[in-house]
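I opened the model to look up helix packing, ring pairs and strand pairing. My entries follow.

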Amino acid sequence: MAHNERVFSGMQPTGSLHLGNYLGAMLQWIEWQKTRECIYCVVDLHAITVWQDPKELRTATRLVAASYIASGLDPKKSILFNQSQVTAHAELAWIFNCVARLGWLNRMTQFKEKAGKDREKASVGLYAYPNLMAADILAYHATHVPVGEDQKQHIELARDIAQKFNSDFKDSIVAHGHDDGVFFPLPEPVITGPATRVMSLRDGTKKMSKSDPSDLSRINLTDDAETIARKIRKAKTDPDALPSEPAGLKERPEAQNLVGIYAALTGKAVEDALGDVGGLAFSEFKARLADAAVAALEPVGAEIRRMMAEPDEIDRILIDGGTRARAVADPVMKQVREIIGFIGA
Ligand code: AMP
Ligand code: TRP
């Protein structure tokens, strides 16, 4: 049976979203919403793989939901919910813990980065994190997953899990009416945002990240105009003027990052952006970049602040989304239980 196209993606509620999330993922999400059935999730179960203060977790969950909506996600059209409301995620993740192999998870680079030097002290959940992510996607039979570059390896793992499940349970899958033996579709990563890897403003070789201790390293969607301009003024640069061709950005990670951000914010190709700003000194370019960033982000920040003043309204949207998400995932889980051989499914 061919699977209908369906989009799924998620972000963790661990702090405020930043320009990397916005350019790398969010703008693609909004684009897909125009033409496809989309399910967007605030992945609170993933967040607790590292300890979270309960009050802050609640606030961050609302903040991420408000950020999606302020960026253009329409919760009437797409399904928007927080992951913990739908038990299918945790249940399917357990089943996938039994499908995925230790060797596969041992290769995951994000675990190595996040666990740091003292791996023995990392939670078991942090290690099994990619299996939960595979469950998020496959519980909805999603076919397309728009993300930033750093998530590619996890989606490849989700494909491997889908394939192994389909092959381990092939006969049972066929016996349950899927004549081609395919129960889970193999999800495709979609990595085509205007800037799929936005780097830190303090170090052009490091990813812009929520977990960077320096707030100057990132532009948050909630930053006001003055803060945005100040962070850009303080961004690390090199002493040379900007080149007029993309080739001149090679070996200049900070210049490459700032020009990439400028191009993405103004909706231009890097080549065309350099047509505008090539030859400028950084001081002049940064003023233009700040104008572009403020123009794009200030209305988003204002809408987030407006929504955060009405937390009950955000909760109502998430709870409605949870009901709609369960209506999609529950029938899939019923079939999974039957295929595996559980009684009482
Ligand atoms: P996270 O903040 O890790 O929950 O990531 C949420 C989404 O934003 C994922 O699709 C990431 O790939 C994407 N993302 C995070 N940081 C960046 C970045 N610096 N550049 C581009 N995309 C990013
Ligand atoms: N792991 C992703 C990140 O850190 C977030 C995520 C969880 C996700 N589940 C997902 C993304 C399912 C896409 C699909 O960015």
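**Helix α4**

I looked up α4 (residues 88–97) and found Ala88, His89, Leu92, Ala93, Ile95 and Phe96 as its buried residues (buried: under 20% relative accessible area, 1.4 Å probe, protein chains only). They sit on the same side of α4, because they cover an arc of only 160° around the axis (directions from the helix axis to the C-beta atoms). They pack against β1 (6–11), α2 (44–47), β3 (79–82), α7 (124–138), α8 (152–168) and α14 (311–340) (contact: heavy atoms within 4.5 Å). Helices (H or I, at least four residues) and strands (E, at least two) are DSSP runs, numbered from the N terminus.

This is a predicted model: local features need pLDDT of at least 70, side-chain atom pairs count only at pLDDT 80 or more, and totals for chains, interfaces and linings use all residues. Residues are numbered from 1 along each chain as its sequence is written, chains are lettered from A and ligands numbered from 1 in the order written, and side-chain values use heavy atoms, without hydrogens and water.

**Rings**

I found 12 aromatic pairs (Phe, Tyr and Trp rings, the last by its six-membered ring, with centres within 6.5 Å; planes under 30 degrees apart are stacked, over 60 edge-to-face, the rest tilted). Phe165 and Phe183 have ring centres 6.2 Å apart and planes at 40°, so the pair is tilted. Phe165 is buried at 0% relative accessibility. Phe183 is also at 0% and buried. Ring pairs link Phe96, Phe165, Phe169, Phe183 and Phe184 into a cluster.

**Strand β2**

In β2 (residues 37–42), five of six residues are buried. β2 pairs with β1 in the parallel sense over six bridges (pairing: at least two DSSP bridges). Met11 stands opposite Val42. β2 and β3 also pair in the parallel sense, over four bridges.

Definitions and conventions: Buried means under 20% relative accessible area, exposed over 50%, partly exposed in between (1.4 Å probe, protein chains only).
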